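Me: I would like to learn how to read a protein model step by step. Could you walk me through one?

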Amino acid sequence: MSEHKSGSMDIRAQEKTFAAFIKWVVWGTVISILVLIFMGLSNA
């Protein structure tokens with residue numbers, strides 16, 4: 001068994017997954033806020 005070298009693992013797949021997750025969270029938040037604003041304005 002070889003000795004572990006810190007920082008040598010390929011993490012491109014994890015970085016792409018995390019970036020996609022953050023993108024979906026941002027879009028979901030924006031859509032939720034827009035729906036709440038629309039609901040507030042339509043009841044006024």
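Reply: Happy to; we will go from the overall fold to single side chains, keeping in mind that this is a predicted model.

Me: Let's start with the fold: how many helices and strands does the protein have?

Reply: There is 1 helix and there are 0 strands. The helix, α1, covers residues 12-42. For the overall dimensions, the C-alpha trace spans about 70 × 15 × 10 Å along its principal axes.

Me: What share of the residues counts as buried?

Reply: Buried means under 20% relative accessible area. Here 0% of the 44 residues fall in that class.

Me: Now the charges. Which side chains meet in a salt bridge?

Reply: The general idea is that side chains of opposite charge can pair when their charged atoms come close. In this model, D10 and R12 do so, with 3.0 Å from N to O. A search of the whole structure gives 1 salt bridge.

Me: And is R12 buried or exposed?

Reply: R12 is exposed, because its relative accessible area is 58% and the cut-off is over 50%.

Me: Last one: what lies 3.1 Å from a polar atom of the S42 side chain?

Reply: That is the backbone oxygen of M39. S42 itself sits in helix α1, and with 47% relative accessibility S42 counts as partly exposed.

Conventions. Residues are numbered from 1 along each chain as its sequence is written. This is a predicted model: local features need pLDDT of at least 70, side-chain atom pairs count only at pLDDT 80 or more; totals for chains, interfaces and linings use all residues. Side-chain values use heavy atoms; hydrogens and water are left out. Helices (H or I, at least four residues) and strands (E, at least two) are DSSP runs, numbered from the N terminus. Buried means under 20% relative accessible area, exposed over 50%, partly exposed in between (1.4 Å probe, protein chains only). A polar contact is a pair of N or O atoms within 3.5 Å; within protein, one must be able to donate a hydrogen and the other to accept it, and residues adjacent in sequence count only if both atoms are side-chain atoms. A salt bridge is a side-chain nitrogen of Lys or Arg within 4 Å of a carboxyl oxygen of Asp or Glu.
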